[in-house]
Amino acid sequence: MSLEILNRAVLEPAHRSSAEPQMSEPAFKSEFLKTLQARGHIQQITHPAELDEAAANGPITAYIGFDATAASLHVGHLFSIMTLRRLQQTGHKPIVVMGGGTTKVGDPTDKEGQRPLLTDEQINGNIAAIKGTFAKFLRFGDGPTDAVMVNNDEWLSSFGYVEFLRKYGVHFTINRMLAFDSVKLRLEREQPMTFLEFNYMLMQSVDFLELERRYGCLLQMGGSDQWGNIVNGVELIRRVDGKPAFGLTTPLLSTASGQKMGKTVGGAVWLNADMRSPYDYWQFWRNTEDADVGRFLRLFTDLPLDEIARLEALPGAQINEAKKVLANAATTLLHGPEEAAKAAAAAEAAFERGGLSADLPTHEIPAAELEAGIVLAALAVDAGLAASRGEARRLAQGGGLRLNDKPETDANRTVTAADLVDGVVKLAAGKKKIVLVKPV
């Protein structure tokens, strides 16, 4: 079956090379696709004209799947969550698929090796910890455009192996599967890919088929690394049930400097407050690179596009005000307006007035350890201000490491209880990171 494929990169003008062809934007008529296009959510679409027609003529149902590999989603998942939010905002029904079944196998896409296999208890615990995040962004209920959440373990674990192969294996060829990048790249690098992982794309295709049959779902969305898996599901539905089905992918995000979106010195930018505080989350967005401000405002906030255009055009140091707007809006969506206001106030107190705030991130250490003394470089690493002692030393030598608001050029000095001020030691790296070290 041939697919009509729109395969184009949606790049901000600041990131588009003059040598690249200037491709014209398709003129969508549905509010859904027009909104995704205007805010930068579209990388590829199958059957774009058909999907646009379906979305313009009434509510459609679409889904994105989320595997439960950790106890929290991270900012890398936020793009997909916001895509579901745009879907609902434009009058359509989102389905959140929790990958209770697919997590047992592990998605090989864009991976250099097999994921560690989790137990059923670990997977179920992760799902329980994750699922509350979606209620911050989507409206759940029984209405025609209310979101629903399902667990693909419900159907995937009910199949017998022979039954699964007989029902669905006949629709997939090894030749085609070997051609997908998720498989081909692993083989080219001579990195092992288990037969367990090889089954993942079949399972994801069956997810789409089950959702089409149970909920009338006709669109699967995901990151562009999922393109091959999504196309398989589209073809399976059209071949087996003879019904319209569509796929849409979003760009894989990186910052203007090429860093993977959501990665910091301290690791992933988690969405759960118990794994990353609202203050640290606010600071992550406040530290956005200048060239990314407009793009991130479009993707991760609900601000009107004309206001975003005004903010991203602010000259010079005024762009910092746009970053604060981004931090406030993004933090409000996830943690609520009160936590966003507290984070903004704490940042102002710490960075603009040089004071302390109870809402600043805290790193606790045993009181006895502080009494004995701890090397500043080691403390900076433990507190997440530097990735290594060497980095902490270089930061100090450049005047970027501060102890109680004073530059400290000797990262080998010992920090002790004598350095406590109001019961804490205030450490800062550069102008953007600050941690209160508290003995317990």
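What you see is a predicted model, in which local features need pLDDT of at least 70, side-chain atom pairs count only at pLDDT 80 or more, and totals for chains, interfaces and linings use all residues. Residues are numbered from 1 along each chain as its sequence is written, and side-chain values use heavy atoms, with hydrogens and water left out.

Let us start with the chain as a whole. It holds 19 helices and 16 strands; here helices (H or I, at least four residues) and strands (E, at least two) are DSSP runs, numbered from the N terminus. Of its 440 residues, 50% count as buried. Buried means under 20% relative accessible area, exposed means over 50%, and partly exposed lies in between, with a 1.4 Å probe and protein chains only. If you take the contacts (heavy atoms within 4.5 Å) between residues at least 6 apart in sequence, 73% of them join residues at least 24 apart.

Five strands make up an open sheet with mixed pairing, in the order S10-S16-S15-S12-S13; two strands pair if DSSP finds at least two bridges between them. Strand S10 (362–365) and strand S13 (406–407) stand at the edges, and each has a single partner strand, so one side of each is left without a neighbour in the sheet. For S10, follow the parallel run beside strand S16 (residues 433–439), to which four bridges join it. Glutamate 364 has lysine 438 of S16 as its bridge partner, while isoleucine 365 has proline 439.

Next come the charged side chains. Side chains of opposite charge can pair when their charged atoms come close. In a salt bridge, a side-chain nitrogen of Lys or Arg lies within 4 Å of a carboxyl oxygen of Asp or Glu, and the count by this rule is 19.

One of these joins aspartate 120 and lysine 104, at 3.7 Å from N to O. This pair links distant parts of the chain: aspartate 120 belongs to helix H4 (residues 120–130), and lysine 104, 16 residues apart from it, to the loop between strand S4 (93–99) and H4. Aspartate 120 is partly exposed at 41% relative accessible area, and lysine 104 is also partly exposed, at 28%.

Another salt bridge pairs arginine 139 with aspartate 146, whose closest N and O atoms are 2.7 Å apart. Here arginine 139 is partly exposed at 42%, whereas aspartate 146 is buried at 13%.

Glutamate 210 and arginine 214 meet in a salt bridge too, at 3.0 Å from N to O. They are separated by about one helical turn because they sit four residues apart in helix H10 (residues 200–215). Glutamate 210 is buried at 11%, but arginine 214 is partly exposed at 38%. Elsewhere, salt bridges with shared partners join Arg85, Arg86 and Asp302 into one network.
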